[in-house]
Amino acid sequence: MMDYISKLNEKEIQIVCEIIGPKGIKWFFQGNSKLFNRIKPGFRAVKLSDEQAIQLIIKNISEPIISSYINQFIFATIQVIQKKKAELIKEGKDVATALTSAISDSCFSNNIDLYFKLVYCNEHNYSIPEELIALIQKGMQSVSNEDEESELEVQAAKEEIVKLTNQLQDCQMEHEAERESYTQKQTELTNKIASLSAALDETNAELKRTSDKLAAANITIKEQNTQLKKQTEPKRDSADYIEENYEYTSLCMVSEPDYTNNNQIWLIRLADISKGKMESFFVNEALPRSFGNRDRLFWNDGPSKIGYIGVWNWNAIPNLSDPTRDYVTTAYDASIEPAEIIELKMCSTVEEILEALQHGVDVIPSCKQVLFTASLPKGRNTGLLCSDKQLNIDNNRTYLRNNVFVLKQYNFLSQDIFRVNGKAFYRKLDIGEPKCTMQVKDPLEAVKDIILHRATWNEFKQRGTAKSTWRTFREFLTEMCSTPVYQEIAEKCGCDEDTAKEYIDLFIQRAAAYLDSTDVEDNVLAAAIENHVWLLERCNKIVEETWKTENFERIEKVEKELHLAQKAVERKKAELAQCKSELSDVQKKLTTINAAISEREKFAQSVEDKVATKISEARKNAADFISEMAFQFPTMVAEPSSVKAISHGGPSSYHEGMNLDFDTLEECSTWQDMINIIAEELTAAGVSAKYNHGLAAYMYSAYVNETPLLFAGPCGQEIADAFSASLFGKTAAYINCIDGYNTEYMSAILANDEPIIVLNSPFGSDWIARIPNILMTKGKYFILTHPFTEDLLIEPRSLFNYCLPVMTEPFIDTMPEQKYIGGRMSDSFVYYQKKKAKPFHNRLLQSMCMGTLTKARLQQLLTDMHIIASTETADNDCLFGLFPYAFISGNIEIFREKLQAEDQKDMPVSKELRMMLLSFVGEDV
């Protein structure tokens with residue numbers, strides 16, 4: 001290979017590097033990562049700016065690899081020009097014209113003298129006449145003029161296309177604006193009619209209530225007093241919680257003060273409330289955190305205790321100084337009390353819940369209402385409802401207060417539970433009626449406590465009672481036997497409790513007759529009235545006139561209210577008729593608009609036909625432009641990044657992997673380089689930086705040993721995409737298994753050229769039996785995912801003979817960015833060779849009754865993971881292998897005992913990880 005660089009000065013070297021271009025230089029550095037790490041440690045080639053890339057290769061041009069690369073580039077470029085020249089001469093062009101055309105199509109079109117210097121650099125008397133260079137430039141100018149004329153035609157066609165397209169878009173926007181305007185008007189009128197109808201119904205109901213009140217005025221005094229006592233204020237419907245002057249109502253948690261911002265307290269938005277229910281909300285990470293796209297709010301009022309969870313109404317309106325920003329106002333809504341659900345895992349009945357609350361539980365409620373539930377089989381939920389006034393918190397333990405006599409018991413379904421931020425809440429704000437009430441104390445004991453509480457010394461002192469008498473009275477009440485009186489009478493009289501109850505009822509009747517002074521005269525008078533109808537009517541008339549005289553003002557007030565209600569009904573009917581008339585007019589206008597839109601759609605179709613014709617003509621004139629680009633220096637072109645769905649019919653949803661930009665992929669020469677790339681990409685998938693390297697080693701070990709993994713919990717799909725992007729420069733293929741299985745459809749998928757495939761939730765009845773055969777497909781690596789860890793507790797343990805579980809919740813700490821750069825293996829890539837398995841954690845695995853095949857696979861993965869990660873710490877073993885299997889297979893108690901054992905020689909787990917895992921399974925740490 002000729003040494004061109006030695007013949008060039010600094011300025012000419014600069015020109016050659018600029019001709020190569022920053023993109024080609026970065027591609028060169030990616031393919032030679034060891035050289036790049038040596039001359040630019042701590043950086044990635046893809047992150048260099050264009051100027052940095054050019055200056056870096058110039059600065060290190062003395063490196064043999066770099067100088068060889070530039071010499072090869074110059075040699076290849078010269079060969080392309082000379083080959084083009086020879087082809088033109090064969091076509092009948094003269095030498096000058098062929099040379100001029102070949103140079104004009106090359107990257108040396110603006111540096112003709114440099115080209116000739118490189119071609120004749122071995123000549124001792126190198127000298128190119130200026131007339132020759134001028135002649136070539138003139139020829140290039142004529143070629144350029146021809147290209148410009150062609151380009152002008154193409155440009156004119158493009159401008160015409162743009163003009164017609166803009167005209168079409170303007171018409172469509174105008175149509176949409178008119179349609180939206182009339183649709184909005186129709187919606188407003190419909191809502192107004194609905195509102196007026198509701199108001200009319202309310203007015204009719206009020207009128208009926210008023211009429212009932214007026215009619216009730218004609219009954220007897222006793223019946224009227226009974227009706228007046230039953231009148232109460234109507235309860236507020238749970239669906240009307242949202243204040244009219246606030247746009248949002250959200251369940252929020254009070255966070256710690258921001259000490260860097262004047263100790264500002266923030267509210268963490270956990271859920272939104274709509275129609276009396278809690279609903280999840282979505283925050284778009286790509287948009288600013290403002291207006292409705294917020295996950296935290298400013299705290300203005302209400303409780304400020306850190307961790308308190310309640311309901312705040314809030315608005316986000318444009319800021320006066322900058323409308324692109326928002327101004328947030330919040331107001332605490334004390335009328336809404338959400339119910340937090342706390343499961344007491346050590347309890348299985350409501351009686352055990354009550355006993356636990358009386359002795360104290362190690363939980364701190366976050367809301368004013370708490371529903372303590374028992375640990376029951378899935379689908380069955382029962383618990384006791386407590387308010388914050390019924391609970392006492394002491395030394396981080398919650399106790400039931402001594403003055404609580406009864407608690408309400410509720411039964412509810414799993415779909416009534418709303419989970420967010422590691423907590424559970426009753427989804428509906430109106431928890432409804434209880435199944436029953438549970439006695440906390442004996443009723444007689446409760447009565448005694450209330451009487452003793454009210455029998456204070458101050459009450460007795462005001463009545464002139466001596467303090468010694470008060471003490472004697474309290475001692476008497478305190479020592480009074482709480483045995484039921486029925487039981488005591490039955491024992492004394494030698495009868496059963498039913499007979500004793502009859503005795504008490506007879507005693508009460510005689511006592512009442514005596515106390516009411518009922519005697520023979522009263523009975524005689526009553527008999528006389530009943531036997532003489534005229535006397536009864538006279539008595540009733542006297543009573544009625546007396547009642548009307550005493551309640552004259554009340555009757556007059558009710559009559560006035562009735563008159564006003566009738567007028568209000570007439571006004572509402574008139575408004576309703578007017579709204580119906582306006583709605584009819586709007587519907588007529590909407591019909592007219594739809595007809596106009598139909599005509600304009602026909603016009604739009606004709607415009608599209610014209611645009612298609614112009615595009616066809618422009619394509620014919622663009623042939624020269626395409627042929628010119630064919631002779632440029634070859635660059636790597638990325639495949640389309642759109643996700644393609646397979647066209648085979650079938651019940652499941654399948655998508656091929658998405659190709660990343662080939663130019664930005666990092667080339668790896670060894671498996672050590674690959675592990676570093678996998679670790680970086682896992683961070684973009686939401687994996688904590690503490691555990692990304694260990695997880696990368698574990699996944700690569702599973703890939704080398706052809707052992708599928710089952711990711712249970714959040715971000716399983718993103719982790720699979722990050723791993724696939726690191727190895728093959730594309731995300732993983734995806735199969736959603738929740739819609740059923742189709743044999744032909746699955747065969748077509750397995751025949752597709754996808755190295756890594758994700759099976760999402762393949763645990764249906766038609767999938768679970770086919771998993772073993774699918775996972776053994778040659779040339780494919782499968783990763784299984786499921787969003788909920790608890791669901792896997794009911795799956796057969798034999799499943800883990802074919803795939804090993806990994807729980808993602810302990811090491812996911814951020815929402816995934818999913819911005820993958822990707823990697824690829826070079827042609828000389830050095831693969832990792834798996835080693836002989838070591839019997840890691842043999843006793844623990846035997847105690848968990850792990851199958852022989854599962855144990856062999858896990859120990860092989862752990863052996864290779866230690867070598868790949870260059871560490872033998874037990875943290876990675878526990879986090880990725882032992883803990884997930886123990887949890888999902890129901891052996892968590894054995895694993896907990898191992899973590900809590902004093903002798904940690906077999907499992908030297910770090911203190912931080914031990915505390916995290918124990919906390920995760922609900923153990924005190």
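Student: Is strand E1 largely enclosed or largely open, and how many of its residues are buried?

Tutor: This is a predicted model. Strand E1 covers residues 248-254. Burial here means under 20% relative accessible area. The strand is largely enclosed by the rest of the structure, because the number of its 7 residues that are buried is 6.

Student: Which residue is the bridge partner of Tyr248 in E5?

Tutor: E1 pairs with strand E5, residues 309-318, in the antiparallel sense, and 6 bridges hold that pairing. Within E5, the partner of Tyr248 is Trp314.

Student: Which residue in E2 does Cys252 stand opposite?

Tutor: E1 is also joined to strand E2, residues 266-274, by 5 bridges, and these two strands run antiparallel. In E2, the residue opposite Cys252 is Arg269.

Student: Which strands are at the edges of the open sheet of 6 strands?

Tutor: The order in this sheet is E16-E19-E20-E21-E18-E22, with mixed pairing. An edge strand pairs on one side only, and that applies to E16 (653-655) and E22 (804-807). From one strand to the next the twist averages 20°. The edge strands are therefore E16 and E22.

Student: What is the bridge partner of Leu709 in E22?

Tutor: Strand E18, residues 709-712, runs parallel to E22, and 4 bridges join them. In E22, Leu709 has as its partner Leu804.

Student: What angle does the direction of helix H22 make with that of E20?

Tutor: Helix H22, residues 716-728, packs on the sheet. The strands it touches are E18, E19 (733-736), E20 (756-760) and E21 (781-786). Its direction and that of E20 make an angle of about 175°.

Student: What percentage of the residues of the protein chain count as buried?

Tutor: The protein chain has 29 helices and 23 strands. Its accessible surface comes to about 54300 Å², and carbon and sulfur atoms hold 51% of that. Of its 925 residues, the share that count as buried is 40%.

Methods: Residues numbered from 1 in each chain as written. Predicted model: local features only at pLDDT ≥ 70, side-chain atom pairs only at ≥ 80, totals over all residues. Heavy atoms only, no water. Buried < 20%, exposed > 50% of the residue type's maximum accessible area, 1.4 Å probe, protein only. Axes fitted to C-alpha atoms, helices over the stretch in contact; angles between N-to-C directions. Contact = heavy atoms within 4.5 Å. Areas by Shrake-Rupley, 256 points an atom, 1.4 Å probe, with all protein chains shown as cover.
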